[in-house]
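Hello,

Here is the structure we discussed. My notes on it follow below.

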Amino acid sequence: MSIKPLAMRDVFLDRIWQAMAHDQKIYFTSADFGSPVLDKIRADFPDRFVNVGIAEQNLINVSAGLALEGYTVFAYAIAPFITMRCYEQIRVSLALLSEVRPMNINLIGVGAGYSYVVSGPTHQCYEDITLMRALPNFRVLSPADHVSAGHLFDRCISTMGPKYLRFDAQVLPVIYEAGAPDLNVGFHAHIHGEPVCLVATGYMLHTALKVAEGLAKVGYSVGVLDLFDISNFAADELQAALSSYTGIVTMEEGFRGRGGIDSMMFEFIARRGLNARMLNIGVEGGYRFELGSRLELHEQVGIGPQFVLSSVEEFIKSLVI
Amino acid sequence: MSHRTVSELREKAHWVWRETLAIHRRAPETRIASSLSTIEIFVALYYGGVLNFDPAHPLAEYRDRCIISKGHGSICMYPVLADLGYFPMEELQRVCHTGGFLGGIPDPVIPGYETVNGSLGHGLGVATGMALGLKRKRSDSSVFVVCGDGELHEGANWEAIMFASHHKLDNLNLIIDNNGISMLGYTDDIVSHDGLTKRLTSFGWDCWDVDGHDMETLQAALIKMKANVGKPKALIAKTLKGHGVPGLENAPLSHIINPKPELIDSLLEQKP
């Protein structure tokens, strides 16, 4: 039986709502950002739901103070605002302070990549992976569907420290029909192939699977891997999973060549001595103002399935030669 | 927590003043002027029967939380904390030196420091979250924040000020070291805080103005403020940056001026 696709945030917030009923230590803070499921939290736990208003700096500061008092805090806002508007608050009172104080604080950023399709560059988010992975002590989690997103809740409760959850704002098709991936490993190999592996995160996993399907029709059987724990994946296991490939294609809904998973994989294959060449799929150029569907926007900036398919095909041919 | 007489408090403040100068003599990297304006405030808080604390258990649950938001302007806390037993007095000899933990800007690895300080404008917001959490726990502990007036230019403070009054956080006590000078001059010439008390009052806070170097009124005001209920509270303490040091006191560039070693030596030679 197939699982009905849901929004990541709704599934995750529902897990929080359920847990708040028996765990008095959970606080939910929001920078005036809602969702239908959030209405349940507001109604049922008004004393542990705090709307700080449109004030992300204070969202982080208040959440840090609550976490220092022993509460498990979930802070919630639109992705670019909960990361960039308050980056120094995050650096100082979460990343730095958690070096010496036990704190469990989870930033939920909704609107990864182009998921706020018509809202333009202010609400779209192409820099957060780079920025958040730069912070020591932070765990950066980037799920591709609601099943894996919901499953991350258990990790948030059981693991201390600051975390950043990068959620898509749209309802995406279900990928993990058979159950959520292993959180201890931090990635999941969906397809084993050759000679290249598409290493994707978030929404781009859907594109990767589509591209793999398209390439299969022209005789290439590429691998596809979901990298959802960008900061704490099991390095030995990832090395083993990638060791047979001579080409690695990184795929992210963020700027190309600016410190995202492309940089991370460059560092990884260099450090680990993997004998693989790289192709990086990411947003080309700078900020754009064109309107269109997400698919159209993706094709314009070099991360759409058609563009990726032809790029990967060229890449494979170059490897064979 | 023992109450001391006003003359004992004055004596302690003078000792802290001398020790702070001596630290700066050994470690000129420390910001001296902004540390000299807060001495009476910290002495009143820690020796004047205002704060509950336990040097043997710096993070004891029952403690009052004292957030020192103007981190670099709190070098005077080093002798206070050492004297109270948070760490050995010998540590004062190696401020800013290899192997020590008392830096030019205090870090939360120092027993007695609660949060990351020095990057300005963070303390009040974090304190507000702590105050909310303590209310939820039905704790009797209070939260105190010491910040500078120049620091109030950081907008995040005003997000916290609005939030605190909306949530009626009457366990939150803000002390503003109103020395009127930030790094490049008088705050009145940079971006004025004119009518600061009125501004905070209009944001829903209970406020008191006090002479930040008058130990007697300062101690009384802090005790009164702590007991006050219904609203978040602010004490606007009028102080002098570089207090007591000729050439430094109230000088517009005092933040970045280092008094000459010979001047410090002559001040330290004077009898208390």
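**Sheet of chain A**

Strand S1 (residues 26–30) and strand S3 (residues 72–78) of chain A run parallel and are joined by 5 bridges. Thr72(A) in S3(A) is the bridge partner of Ile26(A). The model is predicted: local features need pLDDT of at least 70, side-chain atom pairs count only at pLDDT 80 or more, and totals for chains, interfaces and linings use all residues. Residues are numbered from 1 along each chain as its sequence is written, with chains lettered from A and ligands numbered from 1 in the order in which they are written.

Helices (H or I, at least four residues) and strands (E, at least two) are DSSP runs, numbered from the N terminus. Two strands pair if DSSP finds at least two bridges between them. In chain A, 6 strands form an open sheet with parallel pairing, in the order S2-S1-S3-S4-S6-S5. Strand S2 (49–51) and strand S5 (139–141) of chain A are at the edges with a single partner strand each, so one side of each has no neighbour in the sheet.

**Contact with chain B**

Between the chains, 21 residues of chain A are in contact (C-beta atoms, placed from the backbone, within 7 Å) with 20 residues of chain B. Helix H3 (56–68) and helix H5 (87–96) of chain A are the elements that give two or more residues to this side of chain A. H3(A) gives the most, with 9 residues.

Regards

How values were computed: Two residues are in contact if their C-beta atoms, placed from the backbone, lie within 7 Å.
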